[in-house]
Amino acid sequence: MRQRIGDSMPLPALWQHLQGAALIVGQGGIGSAMTELLQSSCPDLTVLALGRRSQPRLDLGSDVDLEQLSGWLQEQPPLRLVINTAGWLHDSGRGPEKRLQAVNRAGLEQAFGVNAFAPILLAKAVAPAFHHGQPCWFASLSARVGSIGDNHLGGWYGYRAAKAAQNQLLRTLAVEWKRRLPQVCVSLLHPGTTATELSAPFRSAVPAEKLFSPERAAGHLLEVLAQQTAADSGSFLAWDGTVIPW
C-alpha cells in the first residue's frame, strides 16, 4: 500500500514531470511547505512564491499588486498551477465571533476581503496566463466551517460566511471556465486543522493525531489536487479527498 505524500512520499508521477510555472500565494505555514515540496519534487516546474514580503510583492487586497501580477506572469513560463493559501481568521484585536453581539461591520469586511474577495480577484488576475491550452489547476484553501450544510455548532459568523462566499464565487468561476478555459480545474480545499499561526489560539482541544504539521497538510492537499481533472472542476474537497457538502 502506497504511503501518502503527507508522510514524505513524492508527488504523483503526473506532477513530477509537470513543466511550466506554479504560483503559490501566501507565505504562511502551508504555503511555504507547498513551495518546498513542489521545488523538491518537480524539477521542471518553476515555483513562484508570492506574498506581502516577496519580490515582487503581492498583497491580495491591492488592485495595483494584482494588475502588476497579471503582467508579470506573462514573462514567466506557462502557468500550470495556482494555489491560494492566504486567509484571515484573527489578529491582535479581532477574532471569530462566538455570539451575535460580537459581530461588527469592520470584522465582516476584513473576513470577506481576505477570504472571499481575494481568491476571485486573484483568479481574474491570473486568467490570461492560462491561455496556453495545457491542463492547469487553480485552487484556494477553504474550510469545512464554510459548509452551510455542515454547520451544526454556529459561531464564527464572519469566517464561516466569508468561506461560504468564496465557495460560491469559485464554484461560479468553475462553471464559466468550463466554457472559456476548459483545461483549468478549479478546486476548493480544506486542509484540516494545521499547526499554523491561523489556528494557534483554537487548537488546544484538537487531538494530536488530528493536528497536522504544515508539511503533512501540504502533502495531503497536493496529492488530492494532482488527482483532479477538468471534469472535476468546482469541487469542495477535504484533505483526504472526500467531498464536503456546500
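User: Okay, the sheet. In what order do the six strands sit?
Analyst: This is a predicted model, and in it the six strands make an open sheet ordered β2-β1-β3-β4-β5-β6. The pairing is parallel.

User: Which strands stand at the edges?
Analyst: Those are β2, residues 45-50, and β6, residues 235-238. Each has a single partner strand, so one side of each is left without a neighbour in the sheet.

User: And how are neighbouring strands turned against each other?
Analyst: On average by 20°, if you ignore direction.

User: Let's zoom in on β1. Is it buried or exposed?
Analyst: β1 is mostly covered, with six of its six residues buried.

User: How many bridges does β1 share with β2?
Analyst: Six bridges, and the two strands pair in the parallel sense. If you want a spot to look at, find Gly20, which stands opposite Leu45 in β2.

User: How does the chain get from β1 to β2?
Analyst: It goes through helix α2. That makes a β-α-β crossover, and this one is right-handed.

User: What does α2 lie across, then?
Analyst: Helix α2, residues 29-41, lies across β1, β2, β3 and β4. Its direction is at about 165° to β2.

User: Which residues in β3 do Ala22 and Ile24 stand opposite?
Analyst: Ala22 is opposite Leu81, and Ile24 is opposite Ile83.

User: New topic: helices. At what angle do α3 and α4 pack?
Analyst: At about 35°, with their axes 8 Å apart. Helix α3 covers residues 63-73 and helix α4 covers residues 105-126.

User: Is that crossing left-handed or right-handed?
Analyst: α3 passes α4 in a right-handed crossing.

User: Which residues meet there?
Analyst: From α3 you have Leu66, Leu69, Ser70 and Leu73. They meet Leu121, Leu122, Ala125 and Val126 in α4.

User: And how many of those are nonpolar, polar or charged?
Analyst: The α3 and α4 contact has seven nonpolar residues, one polar and no charged ones.

Methods: Residues numbered from 1 in each chain as written. Predicted model: local features only at pLDDT ≥ 70, side-chain atom pairs only at ≥ 80, totals over all residues. Heavy atoms only, no water. Pairing = 2+ DSSP bridges. Helix = DSSP H or I, 4+ residues; strand = E, 2+ residues; numbered from the N terminus. Axes fitted to C-alpha atoms, helices over the stretch in contact; angles between N-to-C directions. Contact = heavy atoms within 4.5 Å. Left-handed = near helix turned anticlockwise from the far one by under 90°. Nonpolar A, V, L, I, M, F, W, Y, C, P; charged D, E, K, R; others polar. Buried < 20%, exposed > 50% of the residue type's maximum accessible area, 1.4 Å probe, protein only. Right-handed = clockwise from strand over helix to strand, strands pointing away.
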